[in-house]
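Have a look at the model on the screen, and I'll talk you through a few spots in it.

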Amino acid sequence: MEFMRQQNWKDRTYRFLIAQAISLLGSSIVQFAIIWHITLETSSGTMMTYAVICSFAPQIIVSLFAGVLLDRFNRKAIIMIADSVIALTTLALFFILGMNPGNLTWLFIALAIRSIGTGIQSPAVNAVIPQLAPEEMLMRINGYFVSLGSLIAFLSPAAAALVLGLAGFRAALLVDVVTAIIGVGITATILFPALQHTDKEAISEIQGIKDGFRYLRTHPLLKRLFIFEAMALFLFSPVFMLALISERSFGGEYWRLASMESAYGLGAIIGGIFIGWWGGFSNRMSTVLLAGGCLGILMISLGFLPFWPFITVLFVWGLFNPSYEASLITMIQERVEPDMHGRTFGFLQIVIASSLPLGMILFGPLADVISIEQIFIINGSLVAALVVFARYVMKLEQV
């Protein structure tokens, strides 16, 4: 495996990243289209909360089992199946809305099913990267992958606004189907190195989950890292209400929604390229906490700004986010055994999938009582305090 990985890792890795980027582009366009459609139809913080819960909550259950499957079976096949399920769900929604266009219930159902596919695909991609690339290149590859994802975040809002404006909501759904066919087709041509298992005995899914929890409990760094990530994501969750902020504070035009998302995406493209070139501090946690502290300060500033300065801060937010995200993922990839990557990233996906909806359960309805700007100020201050506290709890000199 090692010889094979060293010989052809660049070709396989970059083809895999391109395939995932193409698939992600279509999924992102459709995700924006669905969320915007719900937001503009209802103008309700509570409905936004339902949408976010449907987008993340199903991942909590499926990620438990996905991690075990990824550590036991062919990760390439699992990624292709998950991507196909997401596309088929979107295609089904296209036909259903043609027969029953006014029923928003089907949108929430589609978000939930797509979430199941994402709950499998996301940890699979993070688990596969160290299987394809050598360890010394992981930080750079993760940085470039974040940059690719940021390019998607930059392009997809404008693309979603364009398709919605020219062809309507249903037509936007078909984009995901086309990009999934391309992404799955490219992935099918990539030869993945075999995964070397340290445990040769076949285990049940339940036992695999138990072993994963046992591993997490006995790994002090992972425990602290996951707790920090859960708290930070919980506090950052109101940022997912950008569509509602635009509709209430600046205007609900599609170009405003696209400008907000694209400003972040452009900043993150640059930030991802930078962290891929730089590689971060040798102490990964230092990079995570520095970037997290800057994000907390930026979140505070979002509570005071008119539209164009707001857009500028979102751009700067994008500059810092790849350093936070890539460093955290790389730290896990470097410190966890390869045959535990699936379960570990499955648990990370659970942290992500539970923290954001829990935050929205609180902050979505709260946004119908107080201004979203006030929530930004409060939560940004709490994030900054969390980073200062974590600086000591994480014992940086040991990680």
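Quick housekeeping before we go on. This is a predicted model, where local features need pLDDT of at least 70 and side-chain atom pairs count only at pLDDT 80 or more, while totals for chains, interfaces and linings use all residues. Residues are numbered from 1 along each chain as its sequence is written, and side-chain values use heavy atoms, with hydrogens and water left out.

Back to the charged pairs. Side chains of opposite charge can pair when their charged atoms come close. Take Asp-71: its salt bridge with Arg-75 has the closest N and O atoms 3.0 Å apart. Asp-71 also forms a salt bridge with Arg-343, and there the closest N and O atoms are 2.8 Å apart. Asp-71 sits in helix 2 (residues 45–72) and Arg-343 in helix 13 (residues 341–366), so this pair ties together parts that are 272 residues apart in sequence. By helix I mean a DSSP run of H or I with at least four residues, numbered from the N terminus.

Are these residues buried or exposed? Buried means under 20% relative accessible area, exposed means over 50%, and partly exposed is in between, using a 1.4 Å probe and protein chains only. Asp-71 and Arg-343 are both buried. For Asp-71 the relative accessible area is 3%, and Arg-75 is buried too, at 4%.

Next pair: Glu-334 and Arg-284 meet in a salt bridge, 2.9 Å from N to O. Glu-334 belongs to helix 12 (residues 307–335) and Arg-284 to helix 11 (residues 284–302), so here the parts tied together are 50 residues apart in sequence. Glu-334 is partly exposed at 27%, whereas Arg-284 is buried at 15%.

Leaving out residues up to four places away in sequence, Ser-327 touches Met-139, Arg-284, Thr-287, Val-288 and Pro-322, where contact means heavy atoms within 4.5 Å.

Now for some helix packing. The axes of helix 5 (residues 138–167) and helix 6 (residues 169–188) come within 7 Å and cross at roughly 135°. Those axes are lines fitted to C-alpha atoms over the stretch in contact, and angles run from 0 to 180 degrees between N-to-C directions. Helix 5 and helix 6 are therefore oblique to each other; under 35 degrees would count as roughly parallel, over 145 as roughly antiparallel, 65 to 115 as roughly perpendicular, and the rest is oblique. Val-163, Leu-164 and Ala-167 of helix 5 make the contact with Phe-169, Ala-171 and Ala-172 of helix 6.

My last stop is helix 9 (residues 242–250) and helix 10 (residues 254–278), which pack at an angle of about 130° with their axes 10 Å apart. Helix 9 and helix 10 are therefore oblique to each other. On the helix 9 side we have Leu-242, Ala-243, Ile-245, Ser-246 and Phe-250, and they meet Arg-256, Leu-257, Met-260 and Glu-261 in helix 10.

Technical notes: Helices (H or I, at least four residues) and strands (E, at least two) are DSSP runs, numbered from the N terminus. A salt bridge is a side-chain nitrogen of Lys or Arg within 4 Å of a carboxyl oxygen of Asp or Glu.
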